[in-house]
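Here are a few notes to read alongside the model. Have a look at it first, then work through the points one by one.

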Amino acid sequence: MLNRTAENVARATPEPLARKVRGISDKGLAWLFISPTILLLLAINIFPLFWAIYLSFTNFRANRPNEVVKNLGFANYQRILGDQDIWIAMQTTAHFVFWTILLQTLIGFTLAWLIDRKFRGHAFWTTLILVPMMLSPAVVGNFWRFLYEPQIGLFSYVISFVSGIPPTSIQMLSNVSLAPWSIIIVDTWMWTPYVMLICLAGLRSIPEYIYEAAEVDRASNWRQFWSITLPMALPFIMLAVLFRGIENFKMFDMVNLLTGGGPGSTTEVASITLKRQAFESWRTGYSSAFAIILFVAVFGLANIYVKALNKVKQR
Amino acid sequence: MSMTNPVKRKSRWPAWARRGLMENIATALIAIGFLMLFQPFALSLYTYSFITMLAGTVMFIIVSKFPE
């Protein structure tokens, strides 16, 4: 039956096309199918990466394309790695990454654990919790700017209602000590559902019979959590941390919309500095070198992380 | 049919250059470089962070192809 269908298809193929296809091996056909994807990847990923590496050794400025491009060697890298402002931007980035990942993992895992209890209406709550993740960062940024308004913002009103502090003195976006936390709150609000979703997948993958065996052995709920739930969900938690870690190192949209790096430079993360150098000062070579440094940092961290993840999986 | 165990051929690859050990060294280099990049204590540590991280990353890529 199958042979007859194949014969019919072969007979229906136009002769010039059939002659061409007949000469291609299976391997050749596989290459033919994947070559458009490879070409696309080369054009939009690999080529820009190598181009940026090349530019990082030059004094190229994108606003002066006709100027003679000079080779500077490692001068851009030396300047960046000796610049105190960029060093501070790196520390600000580390501060953001640390707190957002810590809060998102703790809240995300707790929510996943609660949702996994399968109470009445858990599907509705899951959908409701996932809503912030589905919104565009531009919408979230503008929406939270209104919430943080000292005069009319709901956030300031709630804090004032709870603490008794007048709402006009709660300046979340313009206060030096509160501005970094305002961004951490928004990022946590937006991306905790993502961590929750990955953790929920991990919790749902734990077979029920392991808990049944633990109950036969009279293991307490606390013991079951530490000996079964947490170790078996750990690869998923680590995966969520990896994804969020890489994303948060590149955090740009939320900071740009909420504070724009201010007040002063208290929320100026590395990506904001990079954007300023590339598109305000037009130092394309310099900013390319900065981008390469960030790329190596994230790539190196991802290597360590994947190694740790494989070790956890093998246990 | 004999039931003898197959004799394992001894690899010529030096023991010190096995993947496990080398990967651990590369990982340590990356981790040290990463901490140097984001630490708030000394500018000189920040200056040498990139080269440490780059050395670790390149080493990791190379040694992950070594035999176990």
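1. Start with burial in chain A. This is a predicted model, and in it 28% of the 315 residues of chain A count as buried. A residue gets that label if 20 or more other C-beta atoms lie within 10 Å of its own.

2. What is chain A built from? Its secondary structure comes to 14 helices and 0 strands. The radius of gyration is 26 Å, well over the 20 Å that the globule rule gives for 315 residues, so chain A is more spread out than a compact globule. Along its principal axes, the C-alpha trace spans about 85 × 75 × 40 Å.

3. Now for contacts inside chain A. Take those with a separation of 6 or more: 69% of them join residues 24 or more positions apart.

4. H3(A) does bend, by about 40° at Leu42(A).

5. Finally, see where the two chains meet. The contact takes 17 residues from chain A and 18 residues from chain B. On the chain B side, helices H1 (19–38), H2 (43–47) and H3 (49–63) each give two or more residues. H1(B) supplies the largest share, 8 residues. By type, the chain B side divides into 12 nonpolar, 5 polar and 1 charged.

Key: Residues numbered from 1 in each chain as written. Chains lettered and ligands numbered in written order. Predicted model: local features only at pLDDT ≥ 70, side-chain atom pairs only at ≥ 80, totals over all residues. Helix = DSSP H or I, 4+ residues; strand = E, 2+ residues; numbered from the N terminus. Rg over C-alpha atoms; globule rule 2.2 N^0.38 Å. Buried ≥ 20, exposed ≤ 12 C-beta atoms within 10 Å, placed from the backbone. Contact = placed C-beta atoms within 7 Å. Bend = angle between axes of the 7 residues up to and from the residue. Nonpolar A, V, L, I, M, F, W, Y, C, P; charged D, E, K, R; others polar.
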